[in-house]
Amino acid sequence: MRETLKLRLSRKIDEHRPRTERLLKEYGDVQIDGVTVAQVIGGMRGIKSLVTDISYLDPEEGIRYRGYTLDEVIQNLPKAKGAEMPYVEGLLYLLLTGDFPNEEEVMLVVEQFNKRRIVPRYVYNVIDSFPTSSHPMAIFSTAILTLNRESDFNREYHAGLKKEDYWEATYEDALNLLAKLPEIAAYIYNKLYRKGDPIQSDPKLDMGADFAHMMGIDKPYDDVSRLHFIIHSDHESGNVSAHTGHLVASSLSDIYLSISAMINGLAGPLHGLANQEVLRWLQDVMDKMDNKIPTEDEMKQFVWDTLNSGQVIPGFGHAVLRKTDPRYMLQREFSKKHLPDDPIFKYADLLYKVVPPILQEHGKAKNPWPNVDAQSGVIQWHYGVKDYDFYTVLFGIGRSIGICANIIWDRALGYPLERPKSVTTDMLEKMVGIKK
Ligand code: NMX
Ligand code: MLT
């Protein structure tokens, strides 16, 4: 019998529920972490207070999805004939179930996406009503929010849905939304930058290939899109976008409200927007250099000038990682293979060489190494997507996949409303003994 993704997921959920129930019931009082004043004031860095089985970020190794490194994920997920990168739909299967799908199982998910990809007219009307000076992330977030009226979860919840079935309606919402994101994004791109007639989606294509088609960009942009969506999909649960998605969904807000909210978190320059900031920074250097490749010393000076003016070097540093981001390395390998002579790659590679020692000498950043955002825009630029304001939308499509998978599991395991406790400064001063 052909097992569909939803059936396999249902079986996995049934197997998993007793593990969570037992931990809660028999070991609920076991302490697994302590909290310091610095952590409370300092953005809750490192506090173990969230649980997800979908991905784990080791500071020294980087991200693993369901226990697999990105290299293993890319190697083992099925690929379309002649493609270098796997089907994005297969990644969703892996994130949700922990299993690598076979070709037939992936094609069933591709089919599901194709059935759900039609974007209602009112979403285009909302997009069209934005001024062209709007940031694409604001438009993207609003377009997703607009779809909230389609939510199966909302409809069924108000009709009396049982708690153990919440995940099923959420699964339907998630697939309905994910299938539409490439078309929404391509439509926004067309409105703001391409300015031709929007290219209709092609139901014969998988997600990555269809996105490339709607962007009007030839191969290997289909593989570029697949790679981009896959490596941006998940980064455990504490990053701003994942945490926002989880938090908003914990009040039983539907997928559309939750994903729209997480997109807003991703749009900040310390998070996903850093990918546009990298290109803005490089572009500024290119202008100052009159498009000549700077020498190492010249590049060092540009980096110091930015630091000395009190700004961060975008694309470097990380809240958890303490080595070069494997997502950066994968994209660098792709660039070395496909765009080794592009000046923009040479600029970025020079940064890779000069920035870490400078950040070490500067002495502030705990992690001087490049993150995912230092390289992603370079590839987009090479394939003609030079409107760097758009880059975070691409990040957002990928990140939606991981966050949707997490929200479905949150509902399946009955995670409650998130509600940590706050204290006052006065209380902190009393706790540490500087005030009575
Ligand atoms: N350039 C200059 N200073 C930096 C950098 C950097 N790239 N990274 C960290 N620092 C500074 C940071 O601003 C802080 O300074 P201060 O004490 O004056 O507030 C100090 O070093 C300590 O920060 P960390 O503890 O190392 O980093 P934190 O966990 O607070 O923040 C980032 C992590 C990623 C926000 C930070 O490294 C950063 O601002 N990087 C540049 C922006 C960026 O690339 N963001 C994308 C991250 C990946 N993503 O996609 O989300
Ligand atoms: C991410 O992909 O979310 C970023 O690397 C930020 C993070 O993990 O904190």
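The lining of the largest cavity is made up of six nonpolar, one polar and four charged residues. In this classification Ala, Val, Leu, Ile, Met, Phe, Trp, Tyr, Cys and Pro are nonpolar, Asp, Glu, Lys and Arg are charged, and the others, Gly among them, are polar. The model is predicted: local features need pLDDT of at least 70 and side-chain atom pairs count only at pLDDT 80 or more, while totals for chains, interfaces and linings use all residues. Residues are numbered from 1 along each chain as its sequence is written, chains are lettered from A and ligands numbered from 1 in the order in which they are written, and side-chain values use heavy atoms, with hydrogens and water left out.

**Cavities and a pocket**

On a 1 Å grid over the protein atoms alone, a cavity is a set of points where a 1.4 Å probe fits but cannot get out, and a pocket is an open set with protein on both sides within 12 Å along at least five of seven lines; lining residues have an atom within 4 Å of a point. Grid points are joined across faces, edges and corners, and a volume is the space filled by probe spheres set on the points.

Which residues line the largest cavity? They are Glu89, Phe113, Arg117, Leu178, Ala179, Pro182, Glu183, Ser201, Met207, Asp210 and Met214. Helix 9 (166-194) and helix 10 (207-215) each supply at least two residues of this lining, and helix 9 gives the most, with four residues. Helices here are DSSP runs (H or I, at least four residues), numbered from the N terminus.

Around the second largest cavity sit Val224, Leu227, His228, Gln331, Ser376, Ile379 and Gln380. Two or more residues of this lining come from each of helix 11 (221-231) and helix 18 (373-382). Its lining has three nonpolar, four polar and no charged residues. Both domain 1 (1-21 + 43-268 + 388-435) and domain 2 (272-383) contribute at least three residues to the lining of the second largest cavity.

The second largest pocket is lined by 16 residues, and those nearest its centre are His16, Asp53, Arg66, Trp409 and Leu413. Helix 1 (5-27), helix 4 (88-97) and helix 19 (391-412) each give two or more residues to that lining, with helix 1 giving the most at four residues.

| Space | Volume | Lining by class |
|---|---|---|
| Largest cavity | about 70 Å³ | six nonpolar, one polar, four charged |
| Second largest cavity | about 30 Å³ | three nonpolar, four polar, no charged |
| Second largest pocket | about 170 Å³ | six nonpolar, four polar, six charged |

**The nonpolar cores**

A nonpolar core is a set of buried Ala, Val, Leu, Ile, Met, Phe, Trp, Tyr and Cys residues joined through side-chain atoms within 4.5 Å. Buried means under 20% relative accessible area (1.4 Å probe, protein chains only). In soluble globular proteins, nonpolar side chains tend to be buried together.

The largest core has 118 residues, of which Phe140, Phe211, Tyr221, Leu282 and Met299 touch the most other members. Helix 9 gives the most to this core, with 15 residues, and the core draws at least three residues from each of domain 1 and domain 2. Not counting residues up to four places away in sequence, Phe211 touches Pro182, Ala185, Ala186, Tyr221, Ser225, Phe229, Phe390, Leu394 and Ile397; contact means heavy atoms within 4.5 Å. A second, separate core has five residues, among them Ala80, Tyr87, Val106 and Val110.

Helix 7 (residues 136-146) has Pro136, Met137, Ile139, Phe140, Ser141, Ala143 and Ile144 buried. The cover over these buried residues includes helix 6 (121-128), helix 9, helix 13 (255-266) and helix 19.

Is Asp410 buried or exposed? Asp410, which lies in helix 19, is buried, because its relative accessible area is 9%. Leaving out residues up to four places away in sequence, Asp410 touches His246 and Tyr415. Asp410 and His246 are 164 residues apart in sequence and 7.8 Å apart in space, C-alpha to C-alpha.

Asn190 belongs to helix 9 and counts as buried at 6% relative accessibility. Its contacts, not counting residues up to four places away in sequence, are Lys195, Gly196, Asp197 and Pro198.

**How the domains meet**

The domain assignment gives domain 1 and domain 2, with bounds that come from an automatic or database domain assignment. Taken over C-alpha atoms, their centres are 27 Å apart. In the contact between them, 33 residues of domain 1 meet 29 residues of domain 2.

Definitions and conventions. Buried means under 20% relative accessible area, exposed over 50%, partly exposed in between (1.4 Å probe, protein chains only).
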